[in-house]
Amino acid sequence: MSQQNEDTFLDLGWLVDEHLHPKYWVESKNRNPDYSDMVRIPTKKMDKHTVIIAQSGSGKSYFLGRLIEEIIIKSKSRCIILDPNGDFRKISEIDDDLWNNNQPLSEKYDIKTGIGKLTLESKEDFAKTWRHSVQDFCIKTNRVPKESGDQELKIWWPSVSLEFLIQQNDPRTTTEMFHCHNWAKVLFNQFAQMSDDTNGEDIISKVKNIFKSLQDIPSENRVKMIQKLRTTPNDKSETASTHPKLLDSLLSSGLSGLGDITKTLTKIINTSSESMEKAKFVFESYSWDTVNSYFGLIEQYQSLGILAKRPYSSNHKRRLEVIDLPSINNNELRALVLNTILTEEWENATQKWEDAMKSPRSEDKRVPTFIILDEAHNFIPSNPRSRHETLVREQFRTIAAEGRKFGLFLILVSQRADKLDDLVLSECSNKAIMHLDSQSMVDQVIKRLGLEYDIEPSVRTKITNFKTGRIFLAGNWAGDDSIFFCAARRTLEGGRNLDDKYWARAT
Ligand SMILES: Nc1ncnc2c1ncn2[C@@H]1O[C@H](COP(=O)(O)OP(=O)(O)O)[C@@H](O)[C@H]1O
Ligand SMILES: [Mg+2]
């Protein structure tokens, strides 16, 4: 077993309840933090999927914020936050009020309500590590106007999975769509590599032009062309360095006339044997109806403004990324965004895994990636309402079942355990329950989480009496002390509740 040191613990909360020890009221500026009452979890325990269940308003998202902060500062992990409520939009900023000395301490923690935001380390200590971590932060949003530093939340077409494109269950169309998407993906990526976007023409129309030109060729000519392609040796001597030039000539030729198009296509295909293989299927077996509906879909998404004109410029994966889901106001587009993000993460993780398996352990530089989803029942429902929801759920199921091997871990938060998919839920070994209104709700949640035989009646009663911020841990990450009060989230909450004054009667 490897040695754990101080830094490899996540500090999640305080082992205190009704009677808070006065020491927590004191600013910690001039003394060392006292961790004796702190609930600490070895970071290694996070190598399982995690689920947090509680009713609305019990502090789930706040606890999630604390958990993310700890994961980021105590480990080398990456976190992708799929943020449906805007709660994490401001996570890169520090909550100054937490350390505000003008605020009476009794306001920071109210003995009567048992609610408050308590932290132990000084602001300077936290700020130092946090600022360092969030240097590599970005928020992806479709909001207008964007704030500086925000990135556009758009998708690069080749990352859309085939399943998303298939409208009906017809095997022939499915096969054709498969080949069409496969070749189009190669072309998209080939164009992206060579073009610098100076002429303003976007890659989508370039790819479309190639397909359209093929469509315009009379079919007897196409037969000839296929024969020519078959007999043309796949000349590997044409190296990648000549490949941009060839693509250029393809474009400038305008693809008019059989002679030209044969020549240019032969060239483009010869530059990549992958492209050659994929193109063959297209030429041979295509119904143009399929091609038309394929590009029809692209155009539809393009008109909704969700398609990126180019791939994201770097392959660099941010350490902390927030996906601003409310900035996309359409369920299908949200599913499309999730689909591409999950596809990209999955492909990236499996590819890195394969590379890592070829080299010695000492060279394995892979870090854990957490995919974090609040309001998870809306995206991984037990009863999907559409084909798109079913598809996204399927991707989450795959990550839940096989992701750990590739370093992908889920953290899911929900107020509806009954509406969250069974298969995904059963893969979550780290479980947290916060306040639930009724005993029957507690019994139901405990059953859904597979904890019927693990939780004593006294704990069940406690859960119904939990105040905001109280957490019960079960499963893999639970230690001796399983009930505690969530330590402060030190970053700004993005969402905001209604102002209390509007709940009071006018005087
Ligand atoms: N541990 C806590 N200490 C103090 N305030 C908290 C704590 N947890 C949550 N809150 C506050 O309670 C409100 C509801 O919390 P939130 O995390 O949004 O609940 P949920 O996600 O379960 O609906 C927020 O305004 C938050 O600031
Ligand atoms: Mg919430």
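Author: Let's start with a word we will need: two residues are in contact when heavy atoms of theirs lie within 4.5 Å. In the protein chain, 79% of the contacts with a separation of 6 or more are between residues 24 or more positions apart. Please keep in mind that this is a predicted model, where local features need pLDDT of at least 70 and side-chain atom pairs count only at pLDDT 80 or more, while totals for chains, interfaces and linings use all residues; side-chain values use heavy atoms, with hydrogens and water left out. Residues are numbered from 1 along each chain as its sequence is written, and chains are lettered from A and ligands numbered from 1 in the order in which they are written.

The protein chain has 16 helices and 14 strands, which are DSSP runs numbered from the N terminus (H or I and at least four residues for helices, E and at least two for strands). Of its 507 residues, 49% count as buried. Buried means under 20% relative accessible area, exposed means over 50%, and partly exposed is in between, with a 1.4 Å probe and protein chains only.

Our part is helix α15, residues 439-448, where V442, V445 and I446 are buried. Looking down the axis of α15, these buried residues fall within an arc of 100°, so they line one face of the helix; the arc is that of the directions from the helix axis to the C-beta atoms. On the face of α15 turned away from the buried side sit the exposed residues S440 and K447. The cover over the buried residues of α15 includes β3 (49-53), β12 (428-433) and α16 (457-465). After α15 comes G450, with a positive phi near 70°.

A positive phi also turns up at E375, near 50°, and this residue is not a glycine. As a rule, most residues other than glycine have a negative phi. E375 belongs to the loop between β10 (369-373) and α13 (387-402), and its relative accessibility of 13% is why E375 counts as buried.

T141, in strand β7 (residues 137-141), is buried at a relative accessible area of 2%. Neighbours within four places aside, T141 has contacts with K146, D150, Q151, E152, L153, D324 and S327. T174, in helix α5 (residues 171-194), is partly exposed at 23%. Not counting residues up to four places away in sequence, T174 touches I166 and Q168.

Finally, here is how two helices can meet. The axes of α1 (residues 60-74) and α3 (residues 123-133) come within 10 Å and cross at roughly 80°. Axes are lines fitted to C-alpha atoms, for helices over the stretch in contact, and angles run from 0 to 180 degrees between N-to-C directions. α1 and α3 are therefore roughly perpendicular to each other, a label for 65 to 115 degrees; under 35 is roughly parallel, over 145 roughly antiparallel, and the rest oblique. E69, I72 and I73 of α1 meet F126, T129, W130 and S133 of α3.
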